[in-house]
Amino acid sequence: MRRQPFGRNRPAVPVIGQGTWYLDEGEPTVAAAALNRGLDVGMSHVDTAEMYGEAEPLIAEAIGDRRDEVFLVSKVLPGNASRRGTVEACERSLRRLRTDRLDCYLLHWRGPHPLAETFRAFEDLVRAGKILSWGVSNFDADDLDEALSVAGPDRIACNQVLYHLEERAIEHSVLPWCRRHGVAVVAYSPFGHDSFPGPATPGGRVLAEIAQSHGATPRQVALAALTRGDGVLAIPKASSPAHAAENAGGGSLALSDADLARIDAAFPRGPEPRNLPML
C-alpha cells in the first residue's frame with residue numbers, strides 16, 4: 001500500500017486507514033474482526049473520537065496486544081476543548097482505548113474555546129508523552145490561517161475533512177493550503193454518507209468501467225482517485241473483514257491519467273461553497 005507522511009517531518013502512514021464512526025452500532029465481534037483484518041492488510045491508521053459512542057473501548061478490545069502496530073488517532077469535542085478540558089478528555093480516551101499514548105489527537109471542529117487554549121493543552125499532552133502529535137478537523141482555509149498564526153509552523157499534523165467524489169469542496173482552498181504548509185489531509189466519509197454512486201448512475205457506470213479494466217471494485221477506484229495526490233489519506237469504515245480487505249486494495253491501485261480524467265469529468269468539483277461542508 002502507498003504511504004504518505006502524516007504531516008511535515010512526521011511518520012508515513014498508509015493512504016487508506018480505518019474510520020470507526022458508527023462502529024459501535026454493529027455486532028461487536030464483526031466490528032473487531034473487521035478492524036483486525038484491516039490491520040492484517042496494512043491499514044494501520046485507526047481513527048476514532050470521544051463522540052463515537054463505544055467505539056474507543058471496542059477498538060481497545062479489538063486491537064488487544066497489537067497496539068504497537070497501530071497509528072491511533074482520537075478527537076476532543078469542541079465543548080470540552082478548554083486547556084484543562086482537553087487534557088481531561090484525552091486522559092478519558094486513553095483509558096477507554098487502554099493505551100498510554102495517541103499518535104495524533106484532533107480538535108473535532110471549532111467551538112466555544114479559543115484555539116490558543118486547545119493548542120496549549122495539546123502541547124502539554126505532547127510534553128507529557130500522552131500524544132505524539134496533534135491536528136484539527138473540519139477547518140476551512142481561514143480557520144487554518146488562524147490556527148497557523150496561533151500554533152506556528154509545523155505543529156499542525158493534519159486536517160480531517162469531508163471528502164468524496166461527490167463532495168470535492170476542499171480542492172478549492174483547503175487542500176492547496178494544507179499542501180503549502182505540510183499538513184496532511186485526512187478524508188472522512190470517502191464513500192459519501194450512505195450515498196455512494198450506484199451502478200445505474202452515470203458516475204457509477206464510469207467507476208464500474210474503470211474498475212473492470214483494472215480487476216478492481218468501484219470503491220477501490222474511488223479511494224485511489226481521492227488519494228492520488230501528495231498528502232491525502234482516507235479513512236473509510238468497514239462493516240466486515242471482507243469490506244476491510246476491499247478498502248485496502250484502493251491503496252495500491254494505480255489509475256492512469258485517462259482514468260482520472262474520466263473520473264473528474266463524471267464528478268466535477270463544482271463552485272467553491274460559502275462554508276466548508278461537514279457531517
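This is a predicted model: local features need pLDDT of at least 70, side-chain atom pairs count only at pLDDT 80 or more; totals for chains, interfaces and linings use all residues.
Which residue stands opposite Val 161 in strand 8? The residue is Ala 187.

An open sheet is formed by seven strands, whose order is 3-4-5-6-7-8-9, and the pairing is parallel. At its edges are strand 3, covering 45-47, and strand 9, covering 232-234, each of which pairs on one side only. From one strand to the next, the twist averages 25°. In general, the strands of a sheet pair through backbone hydrogen bonds, in either a parallel or an antiparallel manner.

Two of the pairings can be described in detail. Strand 5 (residues 104-107) runs parallel to strand 6, and three bridges join them. Within this pairing, Leu 106 stands opposite Gly 135 in strand 6. Strand 7 (residues 156-162) pairs with strand 8 (residues 184-188), also in the parallel sense, over five bridges. Here Cys 158 has Ala 184 of strand 8 as its bridge partner, and Val 161 faces Ala 187 of strand 8.

Strand 8 is largely enclosed by the rest of the structure, because five of its five residues are buried.

Helix 2 spans residues 55-63 and is mostly covered, with seven of its nine residues buried. The buried residues are Ala 55, Glu 56, Leu 58, Ile 59, Ala 60, Ala 62 and Ile 63. Their cover includes helix 1 (28-40), strand 3, strand 4 (71-76) and helix 3 (83-97). After helix 2 comes Gly 64, which has a positive phi, near 50°.

Ser 44 occupies the loop between helix 1 and strand 3. Its relative accessible area is 15%, and Ser 44 therefore counts as buried, the cut-off being under 20%. Apart from neighbours within four places in sequence, Ser 44 is in contact with Pro 14, Leu 39, Glu 69, Val 70 and Phe 71.

Asp 143 belongs to helix 5 (residues 141-151). With a relative accessible area of 18%, Asp 143 is likewise buried. Once neighbours within four places in sequence are left aside, Asp 143 is in contact with Arg 110 and Asn 138. His 164 is found in the loop between strand 7 and helix 6 (174-181), and is buried at a relative accessible area of 10%. Not counting residues up to four places away in sequence, His 164 touches Ser 189, Pro 190, Phe 191, Gly 192 and Leu 226. Between His 164 and Leu 226 there are 62 residues of separation in sequence, yet the C-alpha to C-alpha distance is 6.9 Å.

## The largest pocket

What volume does the largest pocket have? The value is about 450 Å³. The lining of this pocket comprises 24 residues, and those nearest its centre are Trp 21, Ser 189, Gly 192, His 193 and Lys 237.

The model contains six cavities of 30 Å³ or more. The largest cavity has a volume of about 70 Å³. Its lining consists of Trp 21, Met 51, Tyr 52, His 108, Asn 138, Gln 160, Tyr 188 and Leu 279. This lining divides into five nonpolar residues, three polar and no charged.

Technical notes: Residues are numbered from 1 along each chain as its sequence is written. Side-chain values use heavy atoms; hydrogens and water are left out. On a 1 Å grid over the protein atoms alone, a cavity is a set of points where a 1.4 Å probe fits but cannot get out, and a pocket is an open set with protein on both sides within 12 Å along at least five of seven lines; lining residues have an atom within 4 Å of a point. Grid points are joined across faces, edges and corners, and a volume is the space filled by probe spheres set on the points. Two strands pair if DSSP finds at least two bridges between them. Helices (H or I, at least four residues) and strands (E, at least two) are DSSP runs, numbered from the N terminus. Axes are lines fitted to C-alpha atoms, for helices over the stretch in contact, and angles run from 0 to 180 degrees between N-to-C directions. Ala, Val, Leu, Ile, Met, Phe, Trp, Tyr, Cys and Pro count as nonpolar, Asp, Glu, Lys and Arg as charged, and the others, Gly among them, as polar. Buried means under 20% relative accessible area, exposed over 50%, partly exposed in between (1.4 Å probe, protein chains only). Contact means heavy atoms within 4.5 Å.
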